[in-house]
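Hi,

Here is the structure I promised to pass on. Have a look at it first, and my notes follow below.

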Amino acid sequence: TQTNMWTGRFASGMAQSMVDLSFSLQFDAELIEEDIEGSIGHGKGLVESGVLSKADYKKICDGLKSILDDYHAGKNLWCDSDEDIHMAVERVLTERIGALGKKIHTGRSRNDQVCTDFKLYMRHRAAEIRQLEIELMETVLDLSKKYFGKMMPGYTHLQQAQPIYFSHYLMSMFFAVSRDVKRLDNFLELHSQLPLGSGAMAGSAFPYHRALVAEALGFKDVSPNSIDAVSHRDMMLEFNADLAIIANTMSRYAEDFVNWSSSEFGYLTLHDAFSSGSSMMPQKKNPDSMELIRGKSGRMLGNFTALYTLAKGAPLSYSRDLQEDKEPVFDSVHNVKVILRVMKEALETARFNFETMHAKMLPALLATDLADLLVEAGVPFRDAHHIVGSLVGDAARAGKQFTELSDEAWAAAGVPDVAKMKKTLTFEYSVSKRNIEGGTGPKSVKQQFTKAAALIKKL
Ligand code: ARG
């Protein structure tokens with residue numbers, strides 16, 4: 001059996017099975033930096049209100065910092081009786097600086113302590129992930145500029161649709177990621193209130209300058225209600241949702257890049273460093289990096305589901321179930337960081353096979369442009385659509401491209417000025433018609449570069 005901090009109330013320690021169920025140090029040690037940061041901030045509030053002398057506070061801070069240093073140096077600080085990171089740090093502190101170490105928990109419950117630590121943790125990780133996103137955006141913008149002018153087939157339903165610039169495709173990632181960054185910014189803005197001072201659930205009974213602690217810990221404000229502060233898990237849900245959406249964004253591109261890496265497409269050759277081989281088939285080079293990004297994005301939803309289910313039935317304010325809110329978030333943080341790093345590095349080192357992209361462009365990509373030309377010649381759009389559709393259909397049944405049908409066949413279908421029309425219809429013509437803001441036209445793509453550069457500056 002196990003003895004614990006609250007032995008005053010108890011006649012017996014915990015059963016080993018209960019220890020196995022209850023103890024969380026093996027995962028919540030991940031919070032050590034924020035736990036120590038939180039305690040240093042908390043102590044500042046205790047000094048201000050006269051609960052702690054300046055000299056004692058200094059000893060506590062030095063003790064806490066020595067624990068963190070030892071942790072980073074890889075020293076084994078923990079013992080079997082440490083239930084979670086919060087109690088473990090307090091125990092080690094008390095062993096190092098004596099009874100004074102027990103004072104740091106004055107006016108604090110683990111309930112508001114855990115919420116503060118976890119909030120700090122998520123805010124820090126959000127800032128780091130935000131930075132990784134910005135680095136990916138920079139890579140994407142660089143590549144888009146570098147390969148400006150290269151064309152490829154654009155797809156809907158994975159069927160060739162319209163000619164586009166490769167840069168136009170890639171810039172779609174830039175703007176999608178910029179929204180994922182904005183989502184993190186909104187998250188940081190919304191969840192910027194300090195829980196400390198809330199105590200177990202009713203508020204601390206000690207005089208405590210909450211605003212001062214909030215400022216010391218980088219929060220904008222203090223939580224306005226102690227029950228709300230220790231109860232709610234919307235912050236974890238939102239953070240995980242934001243991370244899941246980031247992974248979802250990456251997964252969409254990963255899916256395209258898996259396809260592009262196939263011999264059927266041949267548009268993309270991932271560097272060996274982002275590929276894997278086969279244990280049996282010597283010729284294989286598989287796009288595992290992209291498959292894993294696609295795969296890992298699934299577990300982000302699993303993590304969200306776990307958090308949502310955990311929180312929805314927990315009564316206010318604290319129940320021990322809430323301890324289970326940590327691992328899914330840690331897992332999502334870890335995975336989203338890896339995903340973003342791999343996507344950036346894989347893109348930077350990849351070879352894009354523009355000749356293949358160009359060679360695969362089918363004339364049918366220009367069907368919309370022919371219909372548009374007919375409209376310009378006065379044919380109503382619905383009729384124009386039908387005329388071009390019948391040409392494409394006839395050609396398909398004859399095993400040809402619609403551009404290969406004779407001038408007579410085009411004229412018979414209702415196309416005026418056939419020779420001129422055929423001459424006009426090129427991939428370059430198609431994109432040049434799409435200089436509308438946001439389109440794939442060359443001017444429009446350059447405008448996207450300008451917008452992107454301005455957007456990055458503001459982040
Ligand atoms: N390890 C616990 C958690 O993370 C600490 C909070 C314990 N609070 C309590 N009232 N038992 O949730």
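Let me start with helix 4: its buried residues are covered by, among others, helix 3 (32-48) and helix 5 (85-97). Cover here is counted by contact, that is, C-beta atoms placed from the backbone and lying within 7 Å. Helices (H or I, at least four residues) and strands (E, at least two) are DSSP runs, numbered from the N terminus.

Before going on, two notes on the source. The model is predicted, so local features need pLDDT of at least 70 and side-chain atom pairs count only at pLDDT 80 or more, while totals for chains, interfaces and linings use all residues. Residues are numbered from 1 along each chain as its sequence is written.

Back to helix 4 (residues 54-72). Its 19 residues reach 27 Å from first C-alpha to last, close to the 27 Å expected (1.5 Å times one less than the number of residues). Tyr57, Ile60, Gly63, Leu64 and Ile67 are its buried residues. They fall within an arc of 125° seen down the helix axis, so they line one face of helix 4; the arc is that of the directions from the axis to the C-beta atoms. On the face turned away sit the exposed residues Lys54, Ala55, Asp62, Lys65, Asp69 and His72. For burial, other C-beta atoms within 10 Å of a residue's own are counted, again placed from the backbone: 20 or more is buried, 12 or fewer exposed, and in between partly exposed. Just after the helix, glycine 74 takes a positive phi of about 85°.

Helix 12 (residues 326-349) has 24 residues and reaches 35 Å, close to the 34 Å expected. Its buried residues include Val329, Val333, Val336, Ile339, Leu340 and Met343. Among the elements covering them are helix 6 (110-146) and helix 10 (234-261).

And where does serine 192 lie? It is in the loop between helix 7 (166-190) and strand 3 (193-194). Serine 192 counts as partly exposed because it has 14 C-beta neighbours inside 10 Å. Leaving aside neighbours within four places in sequence, serine 192 is in contact with Phe219, Lys220 and Asp221.

Finally, the ligand: the residues around it are Ser24, Asp84, Arg110, Asn111, Val114, Tyr318, Arg320, Leu322 and Gln323, where a residue is near if its C-beta atom, placed from the backbone, lies within 6 Å.

Best wishes

How values were computed
Contact = placed C-beta atoms within 7 Å.
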